Structure formats: structure tokens, C-alpha cells
Amino acid sequence: MKLGDIGSLVVSKGISNLIPLISRNPRLVQTLAGGIEKLAIDTIYNAPRTPPMVRDRKCEAARILFAAFRRRLPTYAPAVQRKLPMNIIYNNMHLGGPVRDEYFRKYGEEPPLLYTISPSMRCDLRCFGCYAAEYARQGELTKEEVIDVIEQGKRDLGIYFVVVSGGEPTAWPHLLEVLERHNDVFFQIYTHGMNFDEKLVSRFAELGNAYPAISIEGRPENTDARRGRGAHAKILASMRRLRDRGVPFGFSVTHTRLNHDAVTSDEFADSMHEAGATFGWYFQYVPTGRNPQMELVPTPEQRLARFEAVDRFRARHPVAIFDFWNDGEASSGCIAWGKTYFHVNAQGNVEPCVFIHFAKDNIRAKRLVDIVQSPCFREARSMMPFNRDYRFPCSFIDNVDVLPALVRKHGMSPTHEGAERIIEDLAPAVRENARKYWDLICQDPLLVRSTYERQGQPAGCAGCGAAGN
């Protein structure tokens, strides 16, 4: 261990032990949290090989996240207060840093920052529009395979941030054991939230390194219509338990044509703030699964309205809210294909994204690092950004020719029955939706000027080849 690493370890452990002791003194907490934030921002800002615009947007995203954590830090459980600085500052930045540097020297590019793993696709709900039920139940990942994937992520890619999805993660019997074994990792758990009784919430408070992202559809009638009668009330009850026990949590929205008004309303943002959410994620429904429904896909006008609503919510509340598609400017476009993340599904297939249900390789046959460096994933990354406007980032709902071309060239296979429909019979509808959205955002001079000024380019729409044109 180098001298700088020893110093960082001492500082991180000192902060971890100090926060619980001073957590009832708001002034001291804010001073210490401000120091942690400065250290993190400086690390991002001074990172080598990061383009200025990307660096600035990452710093902006980090500030939003830290503002949310700083506000609620005094209310977090002692284990959470200890784990946050150790896992984020020391483990992720310092233990992972040399691994990432070595990866860059070897491959000439940065490794992904995180990945999603779905140990099981089992779930006790059957929500319309959800792709989880389409996957096979046989051959799911074992506890040992999940542990090995996490070890590979740390050892070969320098990753200490893991997203757990599914299926319903809390229905997987080994979840708590894995979280405890890898207590040096920052876990985000995507869940329907209705299994968080007092016992489970207490375990999360004791562990301190796992933070639920709870699915919700907006108003009670929207949530109950998709997730079952009484679902909304159960979700809010789980949020109260998590808040009261000091476990950070967030909300996860799937934006559809049906719940648009609810999830883009100030009323909804206010309710999530009042419930105690630290963060929130907006996704949009995409036509995946065995029975994809184009009528659930948000209209281009609704997608643009979501863009504006999320910006409004960020200004309105100290909650770190992000949009998987519309925040392409902060991520320099698409984050899939191993650029920033990838998805290991329950059969071990490595998909480019949780919404792209095609794969070439499997963790049971190859190491993670070899899959990330496969010709298929490397070619996809070489094409990024897929166009010059980062608000149009996606390789299959925005730049609709990219995914079919890669699937054909590299022999990628659908990971469940019906997955191929998005590049076959649904392709014309997906293309038309992309064209309409492109036309819409290019007609908004404020948005176009904002994007191109950030990139140091003249204002205006430069026909970029999006939507397959």
C-alpha cells in the first residue's frame, strides 16, 4: 500500500467513525459533509482523460447527489454513516483507482463504473409492461456465481458500485448474505418495495451499504392499477419504515403514456420529498418482453415534458433525481455496452443494457473483463456517441439502426422469447417515434441552444444521422 493510500484510508476511517459521534450537531455534520463533497468533486475534476464537458456534468451530478445526502445525513443509521465515506471515497475511488488505471493502460479506454446484476427473475407480482416475467426460471444464478461476479468486478474492473435488479431482489434468498459478505460495495437495490417489513428494514439499517430504489407509478390509482390493490399504501408504509430507521432510499418511476400526468406533477415530486427519498430515477417504458405494447410508450411530447419536469423537480427539492434517457448530456450519451455499465441477467447472459434483451456472451463461459472487451461491445463503444446531440442517446429507441446492425454482425441472440420483436415487426413504429421526437426537440430553440452551447458548438440542429436517417 502506497503512502497516499494509507493516508486516504486513515482519513476515510476517521470520517466513518466521526460522523456517528457528531450526527446530532447539524453544524459539524454539514462542515464534515462539505469536506467529503469537496474531496469527491476534486477527485472527479482532476481525473485524467476526462473531456471538460463530461467532467463538468459529472461534477454537477455529484453536487446534486451530495446535496441530497448532506440534507439527510444526520437522520441515517450509524452503519450507513460509517459505510458511505468508506465505500464511496476509499473503496471506490482509491482501491478501484489503480485497477482502473491499469485497465486503461492495457485496453486504451476507461472501464465501466458499475453494472447491474439480476440474480433471479422471480417476483411475486405480475405488473403489466414489466419484462421480468418473460425470462426463464431455470438455470438462475447461484449464490456462488453472484459472489464471483462481484469479486471479478472489484479485481478486474475496479467496480465498487453494484445495482441489483430482477425480478424482485428481496425474494432471492441469498440477498442479505451477499450484501454482508461484500460490505465494501455500494449496492443499489431495485425493488417493488412491499417486502420491507420491520425485520428486513432493521437488517438494511445494520448493514449500511444497500439502498433500495422503490418502484412507484405516481398516484395511488396508477400504482394500484399496475401493481395490485393496496400497493401504493404498502409502498408508502415501507418508505416510512426505511426513513424512520435511517436507511437511504429512492423512488423508481416507469413513465408510460398512461401515468404521464401523475409522474410529471409537482404533487408527485412533493410526495416523494415528504416520504424521505434521497434519490429518484425516471425510466420510460420501452417495448420489450414477450408482449410489448407500443401504446404504453410515452409520446414524444410526453418525453419532452418529462425532461422539463425533472429539471423542475431538481430545483424544487434536495432530492437527487436522474433520468435514464433524458440525462444523456450528463453521461455523454448512451451508457450501455460497457461504456458505463452492462447487465448480467439471471441466466448469466451479459446484455448491453437492462432494456436490450440480446446477448453474445455468458459469465459461465467467459470472464467479465473479456466480455466487456469482446468485439461486439468494443464496436458499439467505438460508435459512441451515436449522434451529436446527447439528448438522443439510445442505441435502440433513438438511433434505431444501431442495435439491429450489431445483432446481425456479431450473432447476438434474444435472451427470451419475443425480445427480437423490437428490431423486427415493431421497428417501423419505434423508428417513427424516434423521428417525431427528433423533430420535436430540434424545434425547441432553447433546448437546442442549451445543448450546443455546452458542447462549444454553434446553436442549431446539425442533422446528425439520428433515427437512422
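So, the sheet: nine strands, open, in the order 7-6-5-4-3-2-1-8-9, with mixed pairing. Strands here are DSSP runs of E, at least two residues, numbered from the N terminus, and two of them pair if DSSP finds at least two bridges between them. Strand 7 (320-323) and strand 9 (350-351) sit at the edges with a single partner strand each, so one side of each has no neighbour in the sheet.

Keep in mind that this is a predicted model, where local features need pLDDT of at least 70, side-chain atom pairs count only at pLDDT 80 or more, and totals for chains, interfaces and linings use all residues. Residues are numbered from 1 along each chain as its sequence is written, and side-chain values use heavy atoms, with hydrogens and water left out.

Now look at strand 3 (residues 186-191) and strand 4 (residues 210-215): they run parallel, joined by five bridges. Ile189 stands opposite Pro212 in strand 4.

On to helices, meaning DSSP runs of H or I, at least four residues. Helix 15 (residues 375-382) packs on helix 16 (residues 402-410) at about 150°, with axes 10 Å apart; axes are lines fitted to C-alpha atoms over the stretch in contact, and angles run from 0 to 180 degrees between N-to-C directions. That makes the helix 15 and helix 16 pair roughly antiparallel, the word for angles over 145 degrees. Contact means heavy atoms within 4.5 Å, and here Pro375, Cys376, Glu379 and Ala380 of helix 15 touch Leu406, Lys409 and His410 of helix 16.

Last one: helix 9 (residues 231-244) and helix 11 (residues 266-275) pack at about 40°, axes 9 Å apart. Leu236, Met239 and Arg243 in helix 9 meet Met272, Glu274 and Ala275 in helix 11.

How values were computed. Angles under 35 degrees count as roughly parallel, over 145 as roughly antiparallel, 65 to 115 as roughly perpendicular and the rest as oblique.
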